[in-house]
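Please examine the structure shown below. The paragraphs that follow treat its salt bridges and then its nonpolar core.

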Amino acid sequence: MEPYISVIIPVYNAEATLNKCVDSVLMQQFSDFEVILVDDGSKDGSFQICEEYARKDNRVTVIHKENGGVSSARNRGLEIAKGKWVTFVDSDDYLGNVFLPNEEVGADIVFGSYLNVIDAREVGGFSSKVMREASLGDVVARYGNDTILRGPCAKWFRRDLIGNIRFPEDMKVGEDTCFVWQYLSRCQTCGVLPQSTYYVRLSAMTSEQKYGMRVDYAVQSLTRLKTAFEPMAVHLGVKRSLFFSFIGYFKLVSSEEWKRKRALWYGNHSIKEFYRYVWPDLSVKQKVRLVMAFLLRK
């Protein structure tokens with residue numbers, strides 16, 4: 001009999017956090033699930049930890065593969081997932097003990113809540129209670145800039161709707177958002193399980209330190225994101241202004257390069273096209289700020 005939920009956990013050099021992560025899944029009150037541990041070429045003790053879990057619990061399947069990045073690991077898990085629903089858990093995160101739904105949810109995508117954790121201290125998060133009674137289009141419009149809609153964690157996807165959607169393996173930033181947006185373009189309805197809590201371990205590193213990139217790479221990433229964003233926005237009636245914050249994010253993480261030569265950003269034809277795309281839906285305040293940014297090159 002096939003499991004109700006497939007839990008896909010990409011693993012890379014995670015020996016310090018992997019036990020807590022996997023234990024939090026196996027101790028769920030709801031037990032009709034499979035765990036797929038995808039060891040993405042770890043160099044530490046993660047290999048042995050994964051194998052030990054597979055020996056102890058027949059719900060655990062382990063895949064060992066050459067290192068290819070988190071997207072390739074998630075995609076490998078999707079290839080063998082058998083559950084009606086699929087959820088993703090990062091190996092440095094963990095779950096509350098009622099994270100997995102123990103009831104049928106009649107929706108295309110289901111949202112849980114999450115809490116951010118730094119050094120075992122909770123530092124904010126998101127309660128999916130605020131999504132109750134809202135349409136999927138309203139949810140995306142209101143919370144599209146939040147972590148809950150930027151990545152695949154703290155939510156459940158119908159495997160039949162995922163179909164051939166996969167995480168772009170040639171992107172290092174924004175690949176998880178591409179996956180979510182492509183999936184949302186196939187959805188009509190959403191459900192909410194506010195009692196389900198996903199704990200996100202945060203790093204003290206800034207985005208610039210963690211994801212710093214060249215402007216040309218930022219442009220390539222934004223191009224891929226826009227390709228995923230447009231059909232989703234049309235399908236759900238979401239304004240283009242939602243994409244504006246993503247342009248701003250990539251402007252930030254590529255700033256080390258363009259601040260030395262500002263024409264790399266402000267003179268880039270593709271970047272100007274991104275701004276033209278969102279311009280009709282920007283507020284007056286946003287338009288003024290954008291004009292000033294170009295005039296002052298800041």
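The count of salt bridges comes to 12, a salt bridge being a side-chain nitrogen of Lys or Arg within 4 Å of a carboxyl oxygen of Asp or Glu. Side chains of opposite charge can pair when their charged atoms come close. The model is predicted: local features need pLDDT of at least 70 and side-chain atom pairs count only at pLDDT 80 or more, while totals for chains, interfaces and linings use all residues. Residues are numbered from 1 along each chain as its sequence is written, and side-chain values use heavy atoms, with hydrogens and water left out.

One of these pairs joins aspartate 108 to arginine 158, with 2.6 Å between the closest N and O atoms. The two residues lie 50 residues apart and link distant parts of the chain: aspartate 108 is in the loop between strand E5 (94-95) and strand E6 (109-118), and arginine 158 is in strand E8 (residues 155-158). Helices (H or I, at least four residues) and strands (E, at least two) are DSSP runs, numbered from the N terminus. Aspartate 108 counts as buried because its relative accessibility is 9%, whereas arginine 158, at 22%, counts as partly exposed. Here buried means under 20% relative accessible area, exposed over 50%, and partly exposed in between (1.4 Å probe, protein chains only). Asp108 and Arg158 also belong to a network of salt bridges that includes Asp160.

A further salt bridge connects the side chains of aspartate 170 and arginine 224, at 2.9 Å from N to O. This pair, too, links distant parts of the chain, 54 residues apart: aspartate 170 is in the loop between helix H6 (159-162) and helix H7 (175-184), and arginine 224 is in helix H9. Aspartate 170 is exposed, with a relative accessible area of 54%, while arginine 224 is partly exposed at 33%.

Glutamate 273 and arginine 276 pair with their closest N and O atoms 2.5 Å apart. They are separated by about one helical turn because they stand three residues apart in helix H13 (residues 269-278). Glutamate 273 is partly exposed, at 35% relative accessibility.

What of the nonpolar core, a set of buried Ala, Val, Leu, Ile, Met, Phe, Trp, Tyr and Cys residues joined through side-chain atoms within 4.5 Å? The largest such core has 102 residues, among which Ile9, Leu37, Leu184 and Phe243 touch the most other members. Helix H9 (residues 215-236) supplies the largest share of this core, 10 residues. Leaving aside neighbours within four places in sequence, leucine 37 is in contact (heavy atoms within 4.5 Å) with residues including Ile9, Val11, Val22, Cys50 and Tyr53.
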